[in-house]
Amino acid sequence: MPFRATGNATGGSHDAGAVLAPRRFHTPVAIRWSDMDAFQHVNHARMVTLLEEARIPWLFEDGRPTAALRNGCVLADLHVRYRGQLRHEDTPLDVAMWIEQLRAVDFTVAYEVRAAGTAPDSPPAVLASTQLAAFDIQTQRLRRLTDEEREYLSQWKF
């Protein structure tokens, strides 16, 4: 299976002085030739698409408690910071994601993107965040996250 979780799950006992790493969902994302720009690195607009492709198996696939979000979720905010280049030969990217903030109606996903084969503790090439809001398509209004959605998301919160 191409997905893996790293870090600590929320809850449980731990040493008072210990620093817990966030529990992260990792998924590989392939860079396509069309993702490259004239300067031979991943184009910004394509990076935004790659981030979207990374979060789909984590949050929106059937069988997950958050599957309802695929029919009712909107992007409210997006930030992308580049710390290094990513090129076609860096495929597949390792995209690590976790929940940075969880509120009644929305949540913020944090991302670290590294080239294939890069050590997990190495500096990421891309740092990003997206704020997603639960949305009722029928009424065209924001809605509250369900208890099931909040429970699933909270296990990835740091």
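A charge sits over a ring if NZ of Lys or CZ of Arg is within 6 Å of the ring centre and within 35 degrees of the ring normal. Keep that in mind for the opening stop, and remember throughout that this is a predicted model.

**Stop 1: arginines over rings.** Select R24 and W98. R24 lies over the face of W98, 4.0 Å from the ring centre. Now pick R23 and W156: here the charged end of R23 sits over the W156 ring, at 4.1 Å from its centre.

Stop 2: How many aromatic pairs does a search of the whole structure find? It turns up 4. Zoom in on F25 and W58, a stacked pair with 5.8 Å centre to centre and 15° between the planes. F25 belongs to strand β2 (residues 24-29) and W58 to helix α1 (residues 44-59), so this pair ties together parts 33 residues apart in sequence.

With W58 in helix α1 and W156 in the segment after α2 (147-154), the pair ties together parts that are 98 residues apart in sequence. Are these two tryptophans buried or exposed? W58 counts as buried because its relative accessibility is 0%, and W156 counts as buried at 4%.

**Stop 3: helix α1.** At the start of the helix, look for N43: one of its side-chain oxygens comes to within 2.8 Å of the backbone nitrogen of A45. Then colour the buried residues of α1, which are M47, L50, L51, A54, R55, P57, W58 and L59.

Stop 4: In soluble globular proteins, nonpolar side chains tend to be buried together. The largest nonpolar core in this model has 34 residues, and M47, W58, L59, L86, F107 and V109 have the most contacts inside it. At least two core residues come from each of β2, α1, β4, β5, β6 and α2, with α1 giving the most, 6 residues.

Finish by selecting L86. Leaving aside residues up to four places away in sequence, L86 touches M36, H41, V42, M47, L93, V113, A115, A125 and V126.

Definitions and conventions: Residues are numbered from 1 along each chain as its sequence is written. This is a predicted model: local features need pLDDT of at least 70, side-chain atom pairs count only at pLDDT 80 or more; totals for chains, interfaces and linings use all residues. Side-chain values use heavy atoms; hydrogens and water are left out. Rings of Phe, Tyr and Trp (its six-membered ring) pair if their centres lie within 6.5 Å; planes under 30 degrees apart count as stacked, over 60 as edge-to-face and the rest as tilted. Helices (H or I, at least four residues) and strands (E, at least two) are DSSP runs, numbered from the N terminus. Buried means under 20% relative accessible area, exposed over 50%, partly exposed in between (1.4 Å probe, protein chains only). A polar contact is a pair of N or O atoms within 3.5 Å; within protein, one must be able to donate a hydrogen and the other to accept it, and residues adjacent in sequence count only if both atoms are side-chain atoms. A nonpolar core is a set of buried Ala, Val, Leu, Ile, Met, Phe, Trp, Tyr and Cys residues joined through side-chain atoms within 4.5 Å. Contact means heavy atoms within 4.5 Å.
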